[in-house]
Number of protein chains: 4
Amino acid sequence: MAEFDLVIRGGRVATASETFDADIGVRGGRIAALGSGLGRGAREIDAAGRWVLPGGIDSHCHIAQLSSSGVMTADDFATGSTSAACGGTTTIIPFAAQHRGNSLRQVVQEYHARADGRSLVDYAFHLIVSDPTEQVLGQELPALIRDGYTSFKIYTTYDALKLSDRQVLDVMALARREGAMMMVHAENHDIIAWLSEKLVQAGRRQPSSHAIAHHPIAESEATNRVIALAELLDVPVLFVHVSAKEAIDQIRAAQARGLKIYGETCPQYLFLTADMMDAPGDEGAKCMCSPPPRDKANQEFVWQGLRGGVFEVFSSDHAPYRFEGPDGKKAGMAAGGFKKVPNGIPGLEIRLASLFSAGVLNDIISINQFVALTATNHAKMYGLYPRKGTIAVGADADICIWDGTTERTITQSELHDAMDYTPYEGMKVRGWPVVVLSRGEVVSQDGKPVGRLGRGEFLRCEKPDPARPRGRWPFNVEVQTILG
Amino acid sequence: MAEFDLVIRGGRVATASETFDADIGVRGGRIAALGSGLGRGAREIDAAGRWVLPGGIDSHCHIAQLSSSGVMTADDFATGSTSAACGGTTTIIPFAAQHRGNSLRQVVQEYHARADGRSLVDYAFHLIVSDPTEQVLGQELPALIRDGYTSFKIYTTYDALKLSDRQVLDVMALARREGAMMMVHAENHDIIAWLSEKLVQAGRRQPSSHAIAHHPIAESEATNRVIALAELLDVPVLFVHVSAKEAIDQIRAAQARGLKIYGETCPQYLFLTADMMDAPGDEGAKCMCSPPPRDKANQEFVWQGLRGGVFEVFSSDHAPYRFEGPDGKKAGMAAGGFKKVPNGIPGLEIRLASLFSAGVLNDIISINQFVALTATNHAKMYGLYPRKGTIAVGADADICIWDGTTERTITQSELHDAMDYTPYEGMKVRGWPVVVLSRGEVVSQDGKPVGRLGRGEFLRCEKPDPARPRGRWPFNVEVQTILG
Amino acid sequence: MAEFDLVIRGGRVATASETFDADIGVRGGRIAALGSGLGRGAREIDAAGRWVLPGGIDSHCHIAQLSSSGVMTADDFATGSTSAACGGTTTIIPFAAQHRGNSLRQVVQEYHARADGRSLVDYAFHLIVSDPTEQVLGQELPALIRDGYTSFKIYTTYDALKLSDRQVLDVMALARREGAMMMVHAENHDIIAWLSEKLVQAGRRQPSSHAIAHHPIAESEATNRVIALAELLDVPVLFVHVSAKEAIDQIRAAQARGLKIYGETCPQYLFLTADMMDAPGDEGAKCMCSPPPRDKANQEFVWQGLRGGVFEVFSSDHAPYRFEGPDGKKAGMAAGGFKKVPNGIPGLEIRLASLFSAGVLNDIISINQFVALTATNHAKMYGLYPRKGTIAVGADADICIWDGTTERTITQSELHDAMDYTPYEGMKVRGWPVVVLSRGEVVSQDGKPVGRLGRGEFLRCEKPDPARPRGRWPFNVEVQTILG
Amino acid sequence: MAEFDLVIRGGRVATASETFDADIGVRGGRIAALGSGLGRGAREIDAAGRWVLPGGIDSHCHIAQLSSSGVMTADDFATGSTSAACGGTTTIIPFAAQHRGNSLRQVVQEYHARADGRSLVDYAFHLIVSDPTEQVLGQELPALIRDGYTSFKIYTTYDALKLSDRQVLDVMALARREGAMMMVHAENHDIIAWLSEKLVQAGRRQPSSHAIAHHPIAESEATNRVIALAELLDVPVLFVHVSAKEAIDQIRAAQARGLKIYGETCPQYLFLTADMMDAPGDEGAKCMCSPPPRDKANQEFVWQGLRGGVFEVFSSDHAPYRFEGPDGKKAGMAAGGFKKVPNGIPGLEIRLASLFSAGVLNDIISINQFVALTATNHAKMYGLYPRKGTIAVGADADICIWDGTTERTITQSELHDAMDYTPYEGMKVRGWPVVVLSRGEVVSQDGKPVGRLGRGEFLRCEKPDPARPRGRWPFNVEVQTILG
């Protein structure tokens, strides 16, 4: 009789810190044993000569999300989770997005309704808090955190989303009290609005104006400001989609001072550049996201941040808005230029392979850094560890077996999201997760989906526990006594 | 029949990045399996409710070493390795120390002779290079690196040891070519000598003058200088026994720029202070080491460096010179004051418990950081990974089972080195590695030695592979072309 | 017949860069000649053995100003200008303060009405812009700048005064276009309001809560933010009343990058400390100003900023609100605690002597730095140079003759403002401007007023021309092209 | 009868801080009066519409100096001082250069013999200390400092000149005790030697190898090291000929911390680039100096340092070695390549006009900064103030009248040094000092020499008194007590 439901045999396993050759024995969807010469499995997969890595976690993706301007993302949980699985991502953490006036609790229920029974892979939810009323702060949010929604995102920009500094302090105090993790989209709203207005007045409505309006100073100013607030209250904050040297420097300096400040970056800041928005016609809109891609020099700084440890997580910020169609980017350009274009680009399926190919195979980051950046740190940051994000006894058997040699050219027709373009069209990568397992079940093979939609489960998140630093920031003690 | 030679059952295992509950199955001295409900072992150890961690690696200790002034350390391989084992350290990397005029190869043979058949735990050797002659650089050192002595230490101070900048460049170029790891004792020799002379002239011969002469500026100047040389050649360097804010800032800034600069610190910079050298009589000499302990503020900066990731390794710099006796510190004071006192203090046995107690139990560093700082990173830094430094399939079963609750007061009479004092006398710690295994064999129990001297094996080191950063430093390309 | 109206004979003259022995010949209120052995003056003053310095300019003082909460300063132009003259200040630049809804032009007329015929010394006006409407930005402000009101102050805090980032950009763009100088009171409003509310909720209404609420992070955050906006538009900005290390570091870093960022500090940040607000009863309110005095360590950083050149000007921020009386600080404390206390303290009369005594006589700053910080740089910064702020041919004969030896103990009864206390009561200074001339006329002697109220003239300001740096900030070129 | 020997009438005068319209009355070679409508002069010069500035001081030039390798500079005091006068420089401070084994006192006598009766303009001497023996430190140097040789230069590179760190500490302690000013040529000798050797081994003997060997890291390392030593002893140090971002950053950071660290830069770092050394044949040797010119980006950083105040003085480092001839650069190239080429380039005559044209007329620095950088700060730094370096009552009438409009193309045939080339051949400048006065006597007119060789006087220097910062560095107190 088989000792295990499944044995993955003979691969080279990597975790966020270790690399070793071992068989993996899976029972009941969990990793039951790691060993050399493990007993037989009911099913066996030969992984000889291959990397065996934890399934990816994408903690920044927008799925079935209604934007504040009323546009629904192209991807729902079916296409989104399928695209994730085909790219090696076995856990997604999209957002339950509050619009102003909404009850947070009701928002969560609506998003559950959109996800229920449709996902190929497991999922959790971050909240987006755009309206921190007394009701939200005093009741809904604390209750939701205790119910397993332990992270939330706030914005310093967008008319419909941005919080004032005072509101940021309110939600920070709550996050501190409840042990939740805050994600921040940090750009100075007024700078962007003011520059945009000047650009529009000057008749410069083309996509490239987006990059000018979203100036690196807008990003670094808001980053510094939120760091200042976080320092005051000694509360952890993760800055999402960091794009440029200025903001990286702010984050690095805060980390050097011992603050619990974390950073995320995304493929668009490694592989796209602002000048792609100069493409003829409206094609430039295909690279419009916020913050925008910067230049080659900034790509180097982002790589430096990855190899040196400034960034904790590498996510896609998958925000799938089509180019064509009534809600598409092209229609937005026609309607009024860059300010009317839905903001965001896809990346869910290419995230892992792009970083593996350009980062690991070029020896810019280690295989262990790759695992940390794409899986383990996400799990720790958002309370899914040790169930997710690692290959260890007791963890869910969410596993990618990588073919590290095959070359592949990214093309939209071979991706599985609901988009009509990819900004990475034509980009060559080497390596792909050819067998992807979720709780011991294959969910994609050779980049193609396998398995039943709806098998993915909702994950309640525990309190976040990022790897470092720990301990109390020893300053601002006077202020901290006020907070209790 | 037992499936394993040994099973450690029911403990909570931690690696440098992971924490999980698992049984550990050992076969042939190696970890054969990690799993829940593993099969029977010929021997079983119950680890329920306990931390199960990799055995410590102490990569900075002086054992059976003849100083350049002709003083032999108190510890030989018998007492040194016993003390190590009783404190949870299962691998030591002492030095084979070249004196000027010596053949490096011959030095290595002599140190092997001192170690052969005497050690309780496994050991490797760093080299100390004080005389980089053509013979040494052109033949001996490359050959030794290939034979498994892949790291060497150099000094910027001490008359008998210090290299000129030019010699540092020569050995750096060699380290770059051969893939060796350089350790640097960085203090500006001339500053120390000049200040010492002024102090002696002023009749200030007491131990406290040692702290004035070894000014933090001496440390940070040399650190900056060696970083500059390393940047020029794009070569990794590890700064040993970093003690003060100024040098930490230099290292952090170099890391922020992407250089492969690493740091080590030691218990004396967390738990001792310079003013202890003001103790009455000659007692202050008991805290004399180089660099000296600093003040409370600097202890905070060292902690910041540990929790924030500036330091890669935490070692003892165990340099056992007795207080009493003809070669002792007291005799040195009598003979001429602080300049005649053998430099160095013990710490091999208390290293792990002191950091566990003050760092992990106070939640200043995580259990995973503790493992990285005391074991895993040493193994990676010096080419012993994955055989040593981790709990993973295939690794040697060098394992500590920790009792995290018992309090213990450090006192020399309960330590196992050959010293007649400990500078930590009276310090309280919580937690101790109560069962310590080396390749599956118990080498200490409840802080007392078990097992046969001489069972420890010599370890050939592979090429170092520190965790991060990777990739080529993209600057100074012109210079690098000269190096070929 | 006399060659000059007045000759000041035999003194040692200092300018912002030079020190020389010379007679000064005055004709028609202006300096007509500097020389050795000048011809006779109708009047002669013997300055042998004395410093002869330019009269002080106090470019930050609140005179006859109605606060946004409806409290009038204790000093009107009679008492304010008299106090100035007695302390060696021969030019004051108070504010014409717009309240929201006011026409700026009308505000200026009202302030002129308050000043006309009442001042002992010359005066100009800064504007305070709290309501940058289209009318104000499009018409009034440009016209006023051209009429000689070339500097204006904005606030990032106070409900009735604060501008949004967007409004700051609007006024910056205008300042850039018109060549005006912006002064900024930089504190993050939301931090202060949020902390204040928490303090009040906790029942901590005593004066010391003021220092907690106005946290150094509030100051440095707003400073960084306004620097970011200024960098975006390449526009000069002067930060007034800088109090603490964090903000000083921000300003210094901006200057190091070549930005046109200037700083002002004041006596309260050199001579008062926050713990004075712990005084028994309501006495602590006597030191309440914004930002508040900090601690001894911060005083050192302020001195470092003065000696090293971070600060361009040293002003009083004289904001005279009495302790007693219906509008006084004591009544404010009774009415509701620290949030109800009028914010501000006096300092007009002691500014020069305090810095001369503690700075020049202790050799922390040079006599030339003293002249620059108290006179010349104010004149250049606000468009009064070369008429004011220097001893040079053609300049107004605004001159202080200093007795550098007499000791004096500051006490309110000997000051000439309309206050009922001074926070510097009992402070000892050495040196005082014993003869003070305005356009060649004595306006104070031995610290007592001389001359007719109303002799002081209104000064139209030219375009500012700070000493350095010059040239265009070579970055953000794309943004700058939008501005035209 | 004339009231003055000379009146310069109607010009616009600038000092380091002031700008004003005034006549200048000269009596006995000194400025007797500044005034409007001064009385008649025996001689009058019309300066209407012109800048009237202090004569330049060039505090870094090599005249009649025998290099350690036995090459005499092309210029002696006749040609050197003539070239200076024709370019607007009225005071030169060349070096009396000790070779090892020399008595310093005797060296000074020899240099006096070379200068006596030959100079057109006034001169002082710096010492070069290459052999700080007990005799030199204990007797000669202190005596010479008291005799008016109050500054000396040391080297950290060149075999025949470099001091060890210990020797640097010795001379620093002396400079501190005696109040002398230290100038430092800061480059890491070993880096340069090591790289040079590698380049020579690789057969890369062309001039461009000079720029590779003298790497910016060599400069910044030595700069940091000497700053560290200076911080330890709290002693002022001026870094000469700073060329690159790295060293500028070190100096700026030291200044920001309050240290008395000063910087000098030179025309070659503004107007030449390293790639000029790639010129065909041996022409590249015409730009060889140490440190070498860098690239365009570094030129920007040097400009930033000038406009922002990092640099205190702008000198020529005139080191006139001819291209042709037996001791020339071409012969050096023939003899062995870049390591055999005499190091140094001319610049004495173009220094003022080049900075005036590119800096003042482009509004990158103010006219007052120009005066400070080229005259006043030199005088203060080296103890010649207030006799030299300013236009003030009592100062020597060393004055330049500038024609700010005429364009001129630099060409060797119109220069007055003894060189056979200028590296600035063909460079266009606007503005030239068309009348140059030394103690009231014209020494050049329209760029051509006037007056008698030998009229120039030797100047005894007082104790240096740089403008800022002042006060004692409040750290390293323990060390400073040792020094007494």
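Trainee: What pLDDT must side-chain atom pairs have to count?
Mentor: Residues are numbered from 1 along each chain as its sequence is written, chains are lettered from A and ligands numbered from 1 in the order in which they are written, and side-chain values use heavy atoms, leaving out hydrogens and water. As the model is predicted, totals for chains, interfaces and linings use all residues, local features need pLDDT of at least 70, and side-chain atom pairs count only at pLDDT 80 or more.

Trainee: What rotation superposes chain B on chain A?
Mentor: The RMSD is 0.0 Å, the shift along the axis is 0.0 Å, and the rotation is 180°. The two copies are thus related as by an axis of this kind: a two-fold rotation axis. In brief, the angle is 180°.

Trainee: How many residues of chain B are in contact with chain D?
Mentor: Chain B and chain C do not touch. Chain B does contact chain D, where 34 residues take part. On the side of chain B, the number is also 34.

Trainee: Which three residues supply 25% of the area that chain B buries against chain D?
Mentor: Buried area is the accessible area (1.4 Å probe) that two parts lose on being put together, summed over both. Chain B and chain D bury about 3,000 Å², with 67% of it on carbon and sulfur atoms. More than any other three residues, that share comes from B:Arg166, B:Trp194 and B:Ile482.

Trainee: Which residue forms a salt bridge with B:Arg166?
Mentor: A salt bridge puts a side-chain nitrogen of Lys or Arg within 4 Å of a carboxyl oxygen of Asp or Glu. The rule finds 4 of them across the interface of chain B and chain D. For B:Arg166, the closest N and O atoms are 2.3 Å apart, and the partner is D:Glu197.

Trainee: Which element gives the largest share of the side of chain B that touches chain D?
Mentor: Helices are DSSP runs of H or I with at least four residues, numbered from the N terminus; strands (E) need at least two. Helices H4 (165–178), H5 (189–201), H7 (216–233) and H14 (477–483) of chain B each give two or more residues to this side. The largest share is 9 residues, and it comes from H7(B).

Trainee: Which strands stand at the edges of the open sheet in chain A?
Mentor: Two strands pair if DSSP finds at least two bridges between them. The sheet has 7 strands in the order E8-E10-E11-E12-E13-E14-E15, with parallel pairing. Each edge strand has a single partner strand, so one side of each is left without a neighbour in the sheet. These are strands E8 (95–97) and E15 (313–314).

Trainee: Which residue in E10(A) is the bridge partner of A:Ala96?
Mentor: E8(A) pairs with E10(A), residues 126–128, in the parallel sense over 3 bridges. The partner of A:Ala96 there is A:Leu127.

Trainee: Which residue takes a positive phi in the hairpin of E17(D) and E18(D)?
Mentor: In chain D, 4 bridges join E17 (residues 428–438) to E18 (residues 441–445), and the strands run antiparallel. D:Ser438 stands opposite D:Glu441. The hairpin has 2 residues between the strands, and the phi near 45° belongs to D:Arg439.

Conventions: Copies are superposed by least squares on the C-alpha atoms of residues with pLDDT of at least 70 in both. Contact means heavy atoms within 4.5 Å.
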